[in-house]
Amino acid sequence: MGKQETLARLKEQGLVAVIRGPSPELTVKMVEALVAGGVIGIEITYSTPNAAGVVKLLDQAFGEKIILGMGTLTVPAQVEESLAAGARFLVSPMCEAELGKAMVESGVPVMIGALTPTEIFAAHKLGSDVVKLFPGSLTGPAYVKALKGPFPHIPIMPTGGVSAANVGEWFAAGVFGVGAGSELCPPNLAKEGRFAEITEKASAFVQAVRNAQQAAKG
């Protein structure tokens with residue numbers, strides 16, 4: 001799957017599960033539960049134990065049924081490791097020139113993290129396909145709406161502070177999509193083996209995103 005097709009799928013889905021798994025085994029089960037609920041945008045963060053190994057397992061298990069990426073990249077060496085593991089997109093929590101350059105040169109969709117208008121424009125200038133607004137919990141949908149004034153052409157994807165209850169406000173503000181972590185897939189549910197509840201949460205979140213996308217289209 002090419003870069004533009006991957007980006008198109010990510011935008012169509014509108015939702016990426018940002019997973020900081022407690023262990024490799026539980027992370028795989030978390031993803032299985034999310035996919036059962038209709039979530040196919042999956043970002044495994046480097047804060048997950050043996051993150052690259054987990055991505056390899058998921059790539060073998062799901063292939064192109066899911067859109068699999070790696071997140072929380074902080075050093076350029078992780079770019080090559082992510083691609084070798086099977087990542088189809090890359091995400092960092094911050095805007096740093098050397099890392100951003102390596103990510104963009106990878107040829108896969110890239111989401112560089114930023115918070116301020118200056119950082120957001122810098123990430124865009126580096127070549128970030130979508131700018132990850134992080135932490136979204138510090139800003140909110142009104143902040144995105146304000147950013148769309150000077151930056152109508154920059155796709156923005158908030159992570160943090162996104163829930164099924166407020167996702168409609170984010171899409172109304174003009175986001176490309178949303179990233180959701182513990183609101184979508186709480187690690188404590190995985191630790192307690194309550195995977196059916198993760199699937200229920202995933203299904204409700206997916207429906208909320210669909211409704212939000214339709215409402216935003218008018």
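Colleague: Helices here are DSSP runs of H or I with at least four residues, and strands are runs of E with at least two, both numbered from the N terminus. Before we start, what sort of model is it, and what pLDDT do local features need?

Modeller: Residues are numbered from 1 along each chain as its sequence is written, and side-chain values use heavy atoms, with hydrogens and water left out. It's a predicted model: totals for chains, interfaces and linings use all residues, side-chain atom pairs count only at pLDDT 80 or more, and local features need pLDDT of at least 70.

Colleague: Let's start with V75: is it buried, partly exposed or exposed?

Modeller: V75 sits in the loop between β3 (67–71) and α4 (77–85). Buried means under 20% relative accessible area and exposed over 50%, with partly exposed in between (1.4 Å probe, protein chains only). V75 has a relative accessible area of 38%, so it is partly exposed.

Colleague: And Q78, which residues does it touch beyond four places away in sequence?

Modeller: Q78 lies in helix α4, and it counts as buried because its relative accessibility is 13%. Taking contact as heavy atoms within 4.5 Å, and leaving out residues up to four places away in sequence, Q78 touches Y46, T72 and L73.

Colleague: Back to β3: which of its residues point one way and which the other?

Modeller: In a regular strand the side chains alternate between the two faces of the sheet. Five of the five residues in β3 are buried. On one side are I67, G69 and G71, and pointing the other way are L68 and M70.

Colleague: Which residue stands opposite M70?

Modeller: Strands count as paired if DSSP finds at least two bridges between them. β3 pairs with β2 (residues 41–45) in the parallel sense, over five bridges. The residue opposite M70 is I44.

Colleague: What is the hand of the crossover from β3 through α4 to β4?

Modeller: β3 runs parallel to β4 (residues 89–91), joined by two bridges, with G69 opposite F89. A crossover is right-handed if, with the strands pointing away from the viewer, the path from the first strand over the helix to the second runs clockwise. The β-α-β path from β3 through α4 to β4 is right-handed.

Colleague: On to α10 (residues 195–217): how far apart are its end C-alpha atoms?

Modeller: The expected span is 1.5 Å times one less than the number of residues. α10 has 23 residues and should therefore span 33 Å, which agrees with the distance between its end C-alpha atoms, 33 Å.

Colleague: Which residue with positive phi follows α10?

Modeller: Buried residues of α10 include F195, I198, F205 and Q213, and among the elements covering its buried residues are α1 (3–13), β1 (15–19) and α2 (24–36). After the helix, phi is positive, near 80°, at G218.

Colleague: Which element gives the most to the lining of the largest cavity?

Modeller: There are two cavities of 30 Å³ or more, and the largest holds about 60 Å³ of space. Its lining includes Q13, G38, V206, V209 and R210. The element giving the most, with three residues, is α10.

Conventions
On a 1 Å grid over the protein atoms alone, a cavity is a set of points where a 1.4 Å probe fits but cannot get out, and a pocket is an open set with protein on both sides within 12 Å along at least five of seven lines; lining residues have an atom within 4 Å of a point. Grid points are joined across faces, edges and corners, and a volume is the space filled by probe spheres set on the points.
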